[in-house]
Amino acid sequence: MTFDPLIDDLVSANHILCNEGIVDGFGHVSVRHPERPGRFLLSRSLAPAVVGHEDIMEFELDGEPVDARGRRAYLERYIHSEIYRARPDVHAIVHSHSAAIIPYAVTGAALRPIYHMSGFLGAGVPVFEIRDAAGADTDMLIRTPALGKALAGSLGSAAYALMRGHGSVAVGASIKQVVYRAIYAEVNASLQSQASRLGEITFLNEAEAKNAAATNDQVLERPWALWKARVAARNR
Ligand SMILES: [Zn+2]
């Protein structure tokens, strides 16, 4: 492939998201193809921590691999294909089942920006209800294009959406931005749950959230360097 630096970043994103507790044996991260916007790159079906260059596959927006070469794809790749189809502004996507956000996906308690690191949540966090799309008898997974399309519909123009009884999806304009969002949404959920036990929470207002998000988007390289260094230290 001719775009190795992007593959490097995608492989790093897999390792970072595991190291930071966002994904474990499950969950995945993708990036839109830099030259063909109708395609995207995603690992074969593997635990993110062990993903390498050779595992990155190319997919069409129908969710089918371009050249599978015997590699098995994730069941839930339609999360990625249908969001890329619906959102031309999105260039990277993380799907995870990280623990702290799950309570917000099942209770109706709104996940809202509790501090400046999570201003990207300020425009609202939709909750996807799979029963609305596919009835009461599913395994909760986004295993068809139709379910992916329904999820993309719930996401709308948001940066982050919850999936009831399942997990979340973060979207961004770049791998670095989406990794940032996946990590800080999880931190926000944890802080919000702690703060809610102490008293009434003063959340960021719309302007504060928007301004903070714009400021942090200018310095995405800094946490990315830290997260990469942590992965390297662990592998040493
Ligand atoms: Zn999932």
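The model is predicted. Its open sheet has seven strands, ordered S3-S2-S1-S4-S7-S6-S5, with mixed pairing. The count of salt bridges comes to 12.

**Sheet**
- Strands S3 (56-60) and S5 (127-128) stand at the edges with a single partner strand each, so one side of each has no neighbour in the sheet.
- S3 pairs with strand S2 (residues 39-43) in the antiparallel sense, over five bridges.
- Within S3, Ile56 stands opposite Ser43.

**Helices across the sheet**
- Helix H1 (residues 4-19) lies across S1 (28-32), S2, S3 and S4 (92-96), and runs at about 160° to S1.
- Helix H2 (residues 78-86) runs at about 30° to S1 and lies across S1, S2, S3, S4, S6 (160-163) and S7 (167-172).

- Arg39 and Glu58 form a salt bridge, with the closest N and O atoms 2.7 Å apart.
- This pair links strand S2, which holds Arg39, to strand S3, which holds Glu58, across 19 residues.
- Arg39 is buried at 17% relative accessible area, and Glu58 is buried at 15%.
- A network of salt bridges links Arg36, Arg39, Glu58 and Glu60.

**Other salt bridges**
- Arg164 and Glu129 meet in a salt bridge of 2.7 Å, N to O.
- Arg164 is in the loop between S6 and S7 and Glu129 in the loop between S5 and helix H4 (130-134), so the pair ties together parts 35 residues apart in sequence.
- Arg164 is buried at 18%, whereas Glu129 is partly exposed at 22%.
- Arg87 pairs with Asp89 in a salt bridge, the closest N and O atoms being 2.9 Å apart.
- Arg87 is buried at 10%, while Asp89 is partly exposed at 44%.

Terms used: Residues numbered from 1 in each chain as written. Predicted model: local features only at pLDDT ≥ 70, side-chain atom pairs only at ≥ 80, totals over all residues. Heavy atoms only, no water. Pairing = 2+ DSSP bridges. Helix = DSSP H or I, 4+ residues; strand = E, 2+ residues; numbered from the N terminus. Contact = heavy atoms within 4.5 Å. Axes fitted to C-alpha atoms, helices over the stretch in contact; angles between N-to-C directions. Salt bridge = Lys/Arg side-chain N within 4 Å of Asp/Glu carboxyl O. Buried < 20%, exposed > 50% of the residue type's maximum accessible area, 1.4 Å probe, protein only.
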